[in-house]
Amino acid sequence: MSDIISVKDLVLVYADGTKAVDNISFNVAEGEFFGFLGPNGAGKSTTIKVLTTLLRKTSGEVNVAGYNLEKDAAAIRKVIGVQSQDTTVDGDLTGRENLELQGHFYQMKTSEIKARVKELLRLVELESVAEKRARNYSGGMKKRLDLASALIHKPKMLFLDEPTTGLDPQSRSTIWAYLQRLNKEEGITIFLTTQYLEEADKLCKRLSIIDYGKIAASGTPGELKSQVGADSIRVGLENCDRDRSRAKEIIRSMTGVSEIIDSEECINVFAKNASQLIADIVRALDSSDIRLTTVTFAQPTLDDVFMKHTGRRIRVEELVKAPSMMFGGRR
Amino acid sequence: MTLGSDTRYLFIRYLTKLVRNPILLFFSLFQPILFLALFTQLLTRLGSFPGILPDHVSYLEFAAAGILLQNAFGSALQSGNSIVADIDSGFLQKMLVTPVSRSAILLGRLTSDAFRVVIQSAIILGLAYAFGAIENTPFSVTTGVLGILGIFFTLAFFGLAWSGISLALGMKTRSAETVFAIGGVITFPLLFLSSALFPISFLPTWVKDVSMFNPVSYAVDASRAFMITGYDWGTILPAWGVIGLVALITLSATLYQFRKVVS
């Protein structure tokens, strides 16, 4: 597979001296679903702006879709689709008009635009409101319209800057489903930025964790998590106080167990091969007459990965308030 | 040629937005129409003093050119606001990641501004005819339909020059409020320190001197020539020259700011 994006030693320093992107290098293969995971202000949007020809890089070497960013910006614009973090639809125009105008920006033929708009309105399920002004759309509908407009010219490569930030859970999963379809069925390469752990985990085949303008770690979600090491098994005991030390002793002797700590449930076992260990633990404790109440198995999350590489949790207080079901306007 | 078609689609976009926000049209027409009604009522006796207005010219005829110009001012002023809106919403950026012609983004804006001035001028001219009929004061354009086109051209051209100021300000300050405030502050002095609403002979000497350097006076005099005196090229051509000079300056400023925004 050839690389559709190659970035080498990219640096972007804003006019005020802020180093938003600090010497990053990465590649994205054609057809890949690649992501940047990081908190607000990590440099995600800035990187996208550079890659989509909006911001002039300070230094570094960037190629997108086979074109050099410096020499062939115009050629790059023709083959990429971009959805920025702010939802940008023209509220005075109808959904259909928004898409048609976007088609004209790419100098598409009117007949071609008509057919494509029909197709896209169906894809993002906005056919029934196509003739209504976008001003009256819900947040989720606007995002979908915006996504559709980024697809109007059948781009080879899609850049999505936080495509679900601020959306209710339903709208998010709808968008996720579209994105997975686009990547799988149409083979569109997708570069997505997100501050949601689950979004990166669910969608990205490969991702980079970015913080303070630097890439802290890269790999598949699985690889990254296995670098953190152990899965955890949370064991709840019926009579925790009495049995705890005995249970710990039994489990400690098992192969693969790296650490055992006391926890709310009772004990927390860290191990490499946790999924296989569960049965052994259950059997061993049972034969020693220690009664279990719960056994839960948890894999490390990307937050653990972030923690390992940056020494901090993803700055939770800066995360967009977790969209709650209560506000998810069902229509 | 993508410039032509890109400009056309953006021209259509801006006009669609305008038509769908009639409140904007209402506000920019409100003041000129108010002036038309008010000034002609208050000052209609002006025509009965000999030597102030040209013979056989009603104040309505005299003031119409000034009020048309005021209208061109007002609508051009909103131009800067709309580019600020496009920058704030991210729509400009959305356009910039596409291959759309960069010049078309400005050109679509400017042509639609000019077109808007013409449409609004036609409305005001129509109202002036209606006022004339109701009040039984004479109102006509001496040079006829061709002259009306001449007036429209002058006004649209002036509007374009003025759009340049508000666009440049809008891109520089990124604040609709600032554009509006600055625009408001310069509009009225320029209007009143010119031959727009009062005959020049009626004005104090210092205002006369100032108005000599006021491009508004030139633009009004040209429109007034078409309306009252006829094809007075000695007035019209220098006026177009002055407007052209203003446009050159303001549009250069716009282009300079636009380049900064785009790159």
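Biologist: How many bridges pair strand E1 with E2 in chain A, and in which sense?
Modeller: E1 (residues 3–13) and E2 of chain A pair over eight bridges, in the antiparallel sense. One caveat before we go on: this is a predicted model.

Biologist: Noted. Which residue is the bridge partner of A:Ser6 in E2(A)?
Modeller: That would be A:Asn27.

Biologist: And what is the strand order in that sheet?
Modeller: The order is E2-E1-E4-E5 of chain A, an open sheet of four strands with antiparallel pairing. E2 (19–29) and E5 (67–68) are its edge strands, each pairing on one side only.

Biologist: What about the sheet of six strands in chain A, what's its order?
Modeller: Reading across, E6-E7-E8-E3-E9-E10 of chain A, again an open sheet, with mixed pairing. E6 and E10 (214–219) stand at the edges with a single partner strand each, so one side of each has no neighbour in the sheet. From one strand to the next, the twist averages 15°.

Biologist: Which helix packs on that sheet?
Modeller: H1 of chain A (residues 44–51) does, touching E3, E7, E8 (189–194) and E9 of chain A. The direction of H1(A) makes about 150° with that of E7(A).

Biologist: Let's look at E9(A). Is it mostly covered or mostly open?
Modeller: Mostly covered, as five of the six residues of E9(A) are buried. On one side, four bridges join E9 (residues 206–211) to E3 (residues 33–37) of chain A, and these two strands run parallel. On that pairing, A:Phe36 has A:Ser208 as its bridge partner, while A:Gly35 stands opposite A:Leu207.

Biologist: How do E9(A) and E10(A) run, parallel or antiparallel?
Modeller: Antiparallel, joined by five bridges. A:Ser208 turns up again here, standing opposite A:Ser218 in E10(A). The hairpin of these strands has two residues between them, and A:Tyr212 takes a positive phi near 45° there.

Biologist: Ah, a positive phi. Where else in chain A does a residue other than glycine have a positive phi, say near 50°?
Modeller: A:Lys154 has one near 50°, and A:Gln107 has one of about 55° although it is not a glycine. For context, most residues other than glycine have a negative phi.

Biologist: Where is A:Gln107 placed?
Modeller: A:Gln107 is in the loop between H3 and H4 of chain A. A:Lys154 is in a loop too, between H5 and E7 of chain A.

Biologist: You mentioned H5(A). How many of its residues are buried?
Modeller: Eleven of the twelve, so H5(A) is largely enclosed by the rest of the structure. Among the buried ones are A:Lys142, A:Lys143, A:Arg144 and A:Asp146.

Biologist: What do the buried residues of H5(A) pack against?
Modeller: Strands E6 (80–83) and E7 (157–161), plus helices H3 (95–105), H4 (110–123) and H6 (169–185), of chain A.

Biologist: And what span should H5(A) have?
Modeller: At 1.5 Å a residue, residues 139–150 should span 16 Å, and the end C-alpha atoms are 17 Å apart, which agrees.

Biologist: Switching to chain B. At what angle do H6(B) and H9(B) pack?
Modeller: At about 170°, with the axes of H6 (residues 144–173) and H9 (residues 215–229) of chain B 8 Å apart. That makes H6(B) roughly antiparallel to H9(B). The contact includes B:Gly147, B:Gly150 and B:Phe158 from H6(B), and B:Ala219, B:Ala222 and B:Phe226 from H9(B). By class, the contact has seven nonpolar, four polar and no charged residues.

Biologist: Last one: how many residues of chain B are in contact with chain A?
Modeller: 19 residues of chain B, in contact with 19 of chain A. H1 (2–19) and H4 (91–96) of chain B each supply at least two residues of that side. By class, the chain B side has seven nonpolar, eight polar and four charged residues.

Conventions:
Residues numbered from 1 in each chain as written. Chains lettered and ligands numbered in written order. Predicted model: local features only at pLDDT ≥ 70, side-chain atom pairs only at ≥ 80, totals over all residues. Expected span 1.5 Å × (residues − 1). Buried ≥ 20, exposed ≤ 12 C-beta atoms within 10 Å, placed from the backbone. Contact = placed C-beta atoms within 7 Å. Axes fitted to C-alpha atoms, helices over the stretch in contact; angles between N-to-C directions. Parallel < 35°, antiparallel > 145°, perpendicular 65-115°, else oblique. Nonpolar A, V, L, I, M, F, W, Y, C, P; charged D, E, K, R; others polar. Pairing = 2+ DSSP bridges.
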